[in-house]
Amino acid sequence: MKLLNTVKRRVLLLCHKQIQARFFNSAADFDTIDNSQCEQESGHTPVMPAEIIKAFNPQDNQIFVDMTFGAGGHSRQLLKAASIKLYCLDRDPYAYEKAIKLADEYGKKVIPLLGKFSEMQSLLTKNGVKPNTVDGILIDAGCSSMQMDSSERGFSLSKNGPLDMRMDGKRFSDQPTAADVLNTLDVPSLVKIFKVYGEEKRALKIAQALFDARYMLRTINTTHELADLVQNTLGSEQRFDKLKRTSHVATKVFQALRIFVNDELNELNYGMEMAHTFLKPGGKIAVLTFHSLEDRIVKRHILGIDMDEPVSQSVRQKFKNASKYHSKQEISDIYSKKWNPLYKNVITPSAKEVDLNPRSRSAKLRVAEKNVEKSV
Ligand SMILES: C[S@@+](CC[C@H](N)C(=O)[O-])C[C@H]1O[C@@H](n2cnc3c(N)ncnc32)[C@H](O)[C@@H]1O
């Protein structure tokens with residue numbers, strides 16, 4: 001019952017707003033690190049490491065936080081670039097073990113932290129990090145190759161395993177697994193998850209099939225059971241990824257479940273707030289995202305667009321409603337810019353990197369500096 005309530009509460013919190021995001025192509029030229037050389041050093045090929053190191057330009061004695069340590073690919077590049085102090089956060093206990101191993105190599109320069117973005121404030125505070133003191137923060141959103149490649153974690157539709165998908169592993173006993181979600185929720189709730197988090201156009205048909213399966217006393221407990229059920233439901237429909245390769249019809253359903261189980265979008269939103277709190281004025285954030293839902297959140301933070309606004313509005317548009325009285329605080333909020341984007345355009349990987357690491361194909365990198373806040 002407690003589990004059911006947890007899952008249902010999450011559905012109620014689902015964000016309904018779909019916001020148009022526009023993307024640009026990168027014209028930037030990056031030459032300091034050959035991205036192909038970063039491969040396999042750590043079991044997960046880091047995406048755009050050269051671009052990230054160039055943007056941060058780390059200096060000796062600076063403080064950095066890698067908020068998504070994973071296999072430590074980006075962390076290693078940062079540690080090689082200068083003699084820095086690096087806090088390595090990850091919600092995944094396996095990634096945390098890897099961070100402990102890195103700390104064995106680097107001693108007190110590396111501080112492993114086990115937790116989610118929403119636990120970061122207390123973790124950093126416990127470790128003596130004060131707000132406004134960090135020089136650089138990296139977020140590499142989504143899940144790692146280690147998570148995808150491990151069949152028993154249940155992230156990948158190509159590897160058969162239990163439908164788990166919890167990045168936190170077994171850290172929270174009341175956290176629902178993907179199987180709990182599928183076997184517990186009603187059709188409208190499943191539709192909402194598949195539509196909002198997977199942008200799945202056949203959400204209703206799939207949700208109904210999952211619901212009907214329960215009447216046949218069939219519960220969906222493995223990745224292959226779910227993949228097969230979606231395939232049988234959608235028949236011969238063909239789908240393609242960004243590289244025009246055939247993709248499985250259940251890909252979006254898997255993405256939606258993973259985002260929901262891990263509350264990824266709320267976490268990212270919170271992570272951006274936390275990064276702003278801990279960075280010093282002039283400190284930099286670099287964020288890698290892999291789908292438009294994540295990029296919209298990051299873009300809105302960096303460009304200072306209210307998450308409740310239907311579309312991006314200029315300052316003039318914000319004041320257009322003549323009948324509205326704007327309090328001093330509202331005027332200050334409208335004019336205050338929390339971030340200063342470092343590049344005009346979003347940065348995307350080179351064709352060579354996509355060739356070597358197809359996982360990077362949908363990556364978008366945004367970099368910004370924390371602004372010194374001015375009162376109006
Ligand atoms: C794409 S991987 C990072 C890979 C890493 N940059 C590397 O080069 O090895 C993303 C990692 O972020 C972690 N993660 C995702 N969301 C998180 C959150 N809200 N809090 C903490 N860690 C998170 C995942 O567990 C995963 O290990």
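**Entry 1: the chain as a whole**

I began with burial and noted that 42% of the 376 residues of the chain count as buried, where a residue is buried if 20 or more other C-beta atoms lie within 10 Å of its own, exposed if 12 or fewer, and partly exposed in between, with C-beta atoms placed from the backbone. I am working from a predicted model, in which local features need pLDDT of at least 70 and side-chain atom pairs count only at pLDDT 80 or more, while totals for chains, interfaces and linings use all residues. My residue numbers run from 1 along each chain as its sequence is written.

I then listed the secondary structure and found 16 helices and nine strands in the chain, taken as DSSP runs numbered from the N terminus, with helices being H or I of at least four residues and strands E of at least two. For contacts, which I take as pairs whose C-beta atoms, placed from the backbone, lie within 7 Å, I noted that residues 24 or more positions apart account for 69% of those in the chain with a separation of 6 or more.

**Entry 2: the ligand shell**

I looked up what surrounds the ligand and found 22 residues, of which the closest are Pro-46, Thr-68, Gly-70, Gly-73 and Glu-267; a residue is near a molecule if its C-beta atom, placed from the backbone, lies within 6 Å of it. The elements that give two or more residues to this shell are α3 (73–81) and β2 (85–90). I sorted the shell by class into seven nonpolar, nine polar and six charged residues, counting Ala, Val, Leu, Ile, Met, Phe, Trp, Tyr, Cys and Pro as nonpolar, Asp, Glu, Lys and Arg as charged, and the others, Gly among them, as polar.

The buried residues are Gly-73, His-74, Ser-75, Arg-76, Gln-77, Leu-78, Leu-79 and Ala-81, and what covers them includes α2, β1 (63–66), β2, α4 (93–106) and β4 (134–140).

I next checked how α2 (residues 49–56) packs on α3: their axes come within 10 Å and cross at roughly 45°, the axes being lines fitted to C-alpha atoms over the stretch in contact and the angles running from 0 to 180 degrees between N-to-C directions. The two helices are therefore oblique to each other, given that angles under 35 degrees count as roughly parallel, over 145 as roughly antiparallel, 65 to 115 as roughly perpendicular and the rest as oblique. On the α2 side I listed Pro-49, Ile-52 and Ile-53, which meet Gly-73, His-74, Gln-77, Leu-78 and Ala-81 of α3. By class, this contact has five nonpolar, three polar and no charged residues.

Asp-263 is partly exposed, with 17 other C-beta atoms within 10 Å.

**Entry 3: Ile-302**

I finished in helix α13 (residues 292–303), where Ile-302 sits, buried with 22 other C-beta atoms within 10 Å. Leaving aside neighbours within four places in sequence, I found Ile-302 in contact with Trp-339, Pro-341, Arg-366 and Ala-368. The C-alpha atoms of Ile-302 and Ala-368 are separated by 6.8 Å, although these residues are 66 apart along the chain.

How values were computed. Contact = placed C-beta atoms within 7 Å.
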